[in-house]
Each structure stands twice: as structure tokens, then as C-alpha cells.
Amino acid sequence: MTELKSYRIFIDNEWRNSASGEVFESWNPFTDKPWALIPKCDMRDVDDAVEAAHRAFHSGPWPQMTATERGHLLRRLGDLIARDAEKLAATEVRDNGKLIAEMGAQLRYLPQWLYFYAGLADKIDGSVPPIDKPQMFTYTRREPVGVVAAITPWNSPLMLTAWKLAPALAAGCTLVIKPSEHTSASMLDFAALVAEAGFPPGVVNVVTGFGADVGDPLTRHPKVAKVAFTGGEATGRRIVEASASTFKHLTLELGGKSAQIVFPDADLGSAVSGAVSGIFAATGQTCIAGSRLLVHDSLLDEFSARFVDLARSARMGDPMDPRTQVGPVTTRPQFDRILSYIDIAKGEGADCLLGGAAAQRPECGQGWFIEPTVFGEVSNAMRIAREEVFGPVVSIIPFHDDEEAFAIANDTDYGLAAGVWTQSFARAFEAPKRLQAGTVWVNTYRAVSYLAPFGGMKTSGLGRENGVEAINQYLETKTVWMSWGETPANPFVMR
């Protein structure tokens, strides 16, 4: 039997075991076998990590560094990620089962976040308001909020961590990172690069474990000033409640039930290909998955047939094989949950046009695979159209005209993303105005960049990540008043 790789947590630039000494197994979703041992932390480790981050924020070299010096460290970290991109990507695939083609591309692109915010670090400035008080000078300062708790999911661990870490460090904050218990290994490998880059002790800390033991005390800790979270809506609500007692700053990127609208003038080939990518890439395990496919009734039969044919051709198998197109589901509980939603859809009367079961293919081995699944005859009132499945399952919903398409697309509690397929110039500009979503793609899907803000409306979250806008989520504005006038005659009257 192959020996499992053992990891340790990272606090104050030191590697240590958890306070309890306990560990838990990390499972490979393709082999259905454990491959690594991860420290099982508790409140004691959380407190040590937050105290280290708090010290680093208030004393030592970090608060004394210039913004330009912080930028140099971020750039160095980006260089190290670029050097180790393939190694980090392979670790993520072992942990979450996503395709090496996708994770490799993500990790090669990830350094751009570090470079962008490295350049932005010394561009943070205040202002000088033209104040209406005589013999007064007023200016504003932009200052870091403090210790940030970054809680990240299992589907793209390092990429979604970089969305938080890069702007937070550029702003001058310190961090305690809690990765998903399903995908902690790559985050601990990443922590080694933080130390190698030369960040002072306590600036970045990583604690691992489960929500009740680590996530909850971290979000409640009085010395945590901000929580940045990507994950499910239910956990997001708990974080809001936990943070309320100390009025923490929050950035929450939560779930989605995103609509892709195929208008009658769409380029059918592009729409079919893009819609398949929008739901089945990443095995549907992405918050922006285009899981509701709204198709004009004049195209419904032809589009559905071509969509099913392309989805049926997907190559499933080992996610480490660059030729694989659909990998396993990341966790066994999620695998079971997706299958339960498939049963619910069938029970509600949806017509299963493709898939609808666990994959029974030799190339899938013992992994947690589900066939790409397509449902027709779906109404937007069905649970399969309203609740986030987070798997390779799509609902095709017909519409008759533009107004009905926008009404169906917006008839959801979520508002993370939407897609539009059209060759009409007018529709290409009208649809983004009408759709209640933080990101709208036109004739493309799933494109993201460090340059463009990303986030949700409604129950899909609070705040924005990426772009210049993201760094503002980690800053507070301080106003400074200076006077060179005489003492007021009546000190009891505000000047």
C-alpha cells in the first residue's frame, strides 16, 4: 500500500502539527482512495493563527514596509507560482478531480493576479476635499482593514484564494486562510511559496479542518476584521450571522443558477458549443455553471438534438489525462447529492434526454463519475431549475419571446451570472441591462480576468473580487482634519 503524504499547517512562518495532533484523510475522487493526511485543527489553532496575523498587522516589518515593497513581495510570489504551476495543478487534480487541462491553465494564469495587485499596491491614494471651513486642511487616507479570514472552496482552491489574497496583501492586510477540508493539500504547498517569497512571519497563515472546528471560530474571532468567502449560500448565511456581533467587513461569493439564453438569431454552432462548455466544463462544479438553458421555441428541437449529441461525445476518464473532457465529482457527498437531484427531476416530470445516472464506463474506474445529464420538458418552477445542483446537469427551458426569456432568467433567488447567444447588435446591448446578474457574457461563457470585477446580486453574494474594485474591499477611508486657526471663542459650538 502506498504511504499517504503527510502535511502540516502553517502559522507565523512555522510548520506545525495541529494542537490536537489529529489528522484526516484527503481522498482522490478518481481512484476513490485516500492519498494525503491533513492536520485536523480546532479553536486553539485558529486562535494561534489569528494572533500571529494580528501581531504581524500591528508590529514587525509588515506595517513598516512601503507599498512598493509589498508589491515586490507579491511579484516574487507570482514568479514562484509560475515556476511551480504544473506541480500545484497536479496536487489540485489529486484533491478535487478536475481536469489537468483546466487546472494547469488556471495555475499558469494565476500569477497574473499577483502581478496585477503588485502593481496596484502603490497606486492606493487618498484625496483632498475642497473643504468649506476657513483655516482648515482636510485629506483622506486609505488604510487596510486588518486581519482577513479567507475561506475557500474545493472546486478551484488556489485560483479563488488568489482572488482574495492578492488584493488583501496589496492593501496591507494579513490573512488566515481556511481551505476546504476536501482540498487542503495545494493550499499548504502554496504556503511554502509564501515563506520562500520572503513574507514576514504571520502575514499569511493556513489552518485546515472542518467548518464547525475551524470555520466557525475563525469567522467569530474578535480580532478578524473581514471575512472573504466563496462557497454555498447556507454557509454564507452562517458567516453573516457569525460576523454580526463585531460588524466585520464581508465579501461573499455564493451560489448561482445561471441562465444561458439562446435567441432565435444565435449562431447555432457557437451556441451549442458554448452552452456545453458552460455547464459540463469542470463537471458542472462551478458557481457560474450555466445550468438553465433557455432556448427560443423555434430552435428548441434542433438545438436540443445538437446539444445532446455534443454532450454525449464527451470523453470521460482520468483527470490527469489531457484528453479527458469530463472528470469525476469532487466528493462522495456531492456525488450522492447530484444523483438525488436527478431523481427529483425525473419525479417532477422532466424528460431525461441524456445521462441521468452514475457513469458505468471502464475508463472511469472506481471514480465518482456522473454522466452528462440533459433534461427537457422543464418548467422554471421545478426544483431542478431553481436549486443549485453543482454538477453535470442542465435543464432546457423553452421561451417564446425576449420578454419571457428575461422574466424566466430573472425568476430566481440567485444573480451571479448569465449568458446570451445572439447575432443581434440590439439584443447584445439590451440583454445585459435586463438580466439581474453580476456578470453577463455575450456569445461566450466562463471568461474571467484579474482585470474585471466579479461577484453576485441577490443571494449570490456581497461585494466584488478582481479588478481595481477588489482592493477597495480591503481598505477603509480615514479623514484627517488640520487647523491652523485660533481657538474658537465658544468651544461648545461645532465649527
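Student: What distance separates the centres of domain 1 and domain 2, taken over C-alpha atoms?

Tutor: The model is a predicted one. The domain assignment of the protein chain gives domain 1 as 5-254 + 460-479 and domain 2 as 259-442. Taken over C-alpha atoms, the centres of these two domains are separated by 31 Å.

Student: How much area is buried between domain 1 and domain 2?

Tutor: In contact across the interface are 24 residues of domain 1 and 30 residues of domain 2. Carbon and sulfur atoms give 65% of the area buried between them. That buried area is about 2,200 Å².

Student: How many residue pairs are in polar contact across the interface of domain 1 and domain 2?

Tutor: Salt bridges between domain 1 and domain 2 number zero. Polar contacts are a separate count, for which both residues must be at pLDDT 80 or more. Under that rule, the number of residue pairs in polar contact across the interface is nine.

Student: Which helix supplies the largest share of the side of domain 1 that touches domain 2?

Tutor: Both α4 (85-96) and α5 (100-109) supply at least two residues of that side of domain 1. The largest share amounts to five residues, and its source is α4.

Student: Which residue forms a salt bridge with R108?

Tutor: The search of the whole structure finds 30 salt bridges. In one of them, the closest N and O atoms are 2.9 Å apart, and R108 is a partner. The pair links distant parts of the chain, 22 residues apart, with R108 in helix α5 and its partner in helix α4. The partner of R108 is E86.

Student: What angle does the direction of α4 make with that of β4?

Tutor: An open sheet of three strands has the order β1-β5-β4, and its pairing is mixed. Its edge strands are β1 (5-6) and β4 (23-28), each pairing on one side only. Helix α4 packs on this sheet and touches β4 and β5. The angle between the directions of α4 and β4 is about 95°.

Student: Which residue of β5 stands opposite N28?

Tutor: Strand β4 pairs with β5 (residues 33-39) in the antiparallel sense, and six bridges join the two. In β5, the residue opposite N28 is K33.

Student: Why is one side of β14 and of β19 left without a neighbour in the sheet?

Tutor: Seven strands form an open sheet with mixed pairing, in the order β14-β15-β16-β13-β12-β18-β19. Because β14 (351-354) and β19 (439-442) stand at the edges, each has a single partner strand.

Student: Which residue of β13 stands opposite I261?

Tutor: Strands β12 (residues 259-262) and β13 (residues 292-296) run parallel and are joined by four bridges. Opposite I261, the residue in β13 is L294.

Student: What angle does the direction of helix α13 make with that of β15?

Tutor: Helix α13 (residues 332-347) packs on the sheet. The strands touched by α13 are β14, β15 (373-376) and β16 (393-399). Between the directions of α13 and β15, the angle is about 20°.

Definitions and conventions
Residues numbered from 1 in each chain as written. Predicted model: local features only at pLDDT ≥ 70, side-chain atom pairs only at ≥ 80, totals over all residues. Heavy atoms only, no water. Pairing = 2+ DSSP bridges. Contact = heavy atoms within 4.5 Å. Axes fitted to C-alpha atoms, helices over the stretch in contact; angles between N-to-C directions. Domains from an automatic or database assignment. Buried area = accessible area lost by both parts, 1.4 Å probe. Salt bridge = Lys/Arg side-chain N within 4 Å of Asp/Glu carboxyl O. Polar contact = N/O pair within 3.5 Å; in protein donor to acceptor, adjacent residues only side chain to side chain.
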